Amino acid sequence: MAIPLLQVARVGAYIVRQRLAGNRRYPLALMLEPLFRCNLACAGCGKIDYPDPILNQRLSVDECLDAVDECGAPVVSIAGGEPLLHRDMPAIVEGIVARRRFVYLCTNALLMEKKLDQYRPSPYFVWSVHLDGDRDMHDHSVCQQGVYERAVSAIRQAKARGFRVNINCTLFNEAEPERVAAFFDTVKAMGVDGITVSPGYAYERAPDQQHFLHRGRTRQLFRDILARGRGGKAWAFSQSTLFLDFLAGNQTYHCTPWGNPARTVFGWQRPCYLLGEGYAASFRELMEETDWDAYGTGNYEKCADCMVHSGYEATAVADTVAHPLKALGVALRGVRTEGPMAPDIPLDAQRPADYVFSRHVEIKLAEIGRTASRPKTDASPASHPV
């Protein structure tokens, strides 16, 4: 297993405390997006399609650490955009590690080698490098040649300096099982500590809408991949075995979007990291005033094909704690890759999509305009480009 025992123990104890307290909804991993700006323009990304005034926004160190404290999740995944473009990222990571939270710093690795000296190895810190397959697969995914080689070089440098390094792999409908399995073998040979894998999500404004996976195709794809690695046992995944079992169509899960709340330059994003349908001013407001039942597969058209880890990993982890023998069985035997699949969630009662992306952009632009018109001493830290 790619998740260290320290993290398993601390996260497990946190979940038990939540359950004993009778909390039905609680965060497992904070998805922290201090900026949307990136130095790549991937066709499947919906995070960079904003006007420049929004792409120039940054959350300050204090805003990031306040979000960590307010949320209280034991794991923090720092995404973007490209987090290494934020000049205060070392201070943000240091502050989170000091709080004994597990930090996954997601990066495309283009700046990683240059920035390595600004970070220190820690059992609470992981580099999470974006790699969507072998050289040709990844460079095609990110729409730029040479990115794969730079990422691999950065991974090797980080491992040589004693850092924990995971790769974050998103798969689309062109993925070939044999090729993905061979890529996982290559990653294993690199000495990478773990693999996070997930099907892509069809962001509302992603430039390429043609290559996202549908739910049935996702299940068969993951069966075909995992079958080539002894039910996944050949590789070290930084995910629960029951989440992998879900991807392979062996579990019927509903998403738990509150398990991975997102804090962005807009605020606390409703309802989840992937889907921006409104923003709350505080974590408490997000948890208490969001109509959670209005979202999720079977409830909302935009969620119909989603099987992404940020929506379902928390569900699988909760199931693992509730049914440890079931999880142990999957871990020992490997994910089942043959036979009937579990029933999927029916879509006949889902409400139609509400396209609200532009409205939120207009609101934020108006807010930026008001802030820019104030004297500089009154400006919010988030309004200053970095």
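Against which elements do the buried residues of α4 pack? They pack against the strands β1 (29-32), β2 (75-78), β3 (102-107) and β4 (125-130) and against helix α3 (61-71), where contact means heavy atoms within 4.5 Å. The model is predicted: local features need pLDDT of at least 70, side-chain atom pairs count only at pLDDT 80 or more, and totals for chains, interfaces and linings use all residues. Residues are numbered from 1 along each chain as its sequence is written, and side-chain values use heavy atoms, with hydrogens and water left out.

Helix α4 covers residues 89-98, and its buried residues are M89, P90, I92, V93, G95 and I96. Buried denotes under 20% relative accessible area (exposed, over 50%; partly exposed, in between; 1.4 Å probe, protein chains only). Just after α4, R100 adopts a positive phi of about 60°.

The protein contains 14 helices and nine strands, defined as DSSP runs numbered from the N terminus (helices: H or I, at least four residues; strands: E, at least two). Its radius of gyration is 20 Å, close to the 21 Å given by the globule rule for 386 residues, so the protein is as compact as a globular protein of that length. The radius is taken over C-alpha atoms, and the rule is 2.2 Å times the number of residues to the power 0.38. Along the principal axes, the C-alpha trace spans about 65 × 50 × 45 Å.

Of the 386 residues in the protein, 56% are buried. Among contacts with a separation of 6 or more, 76% join residues 24 or more positions apart.
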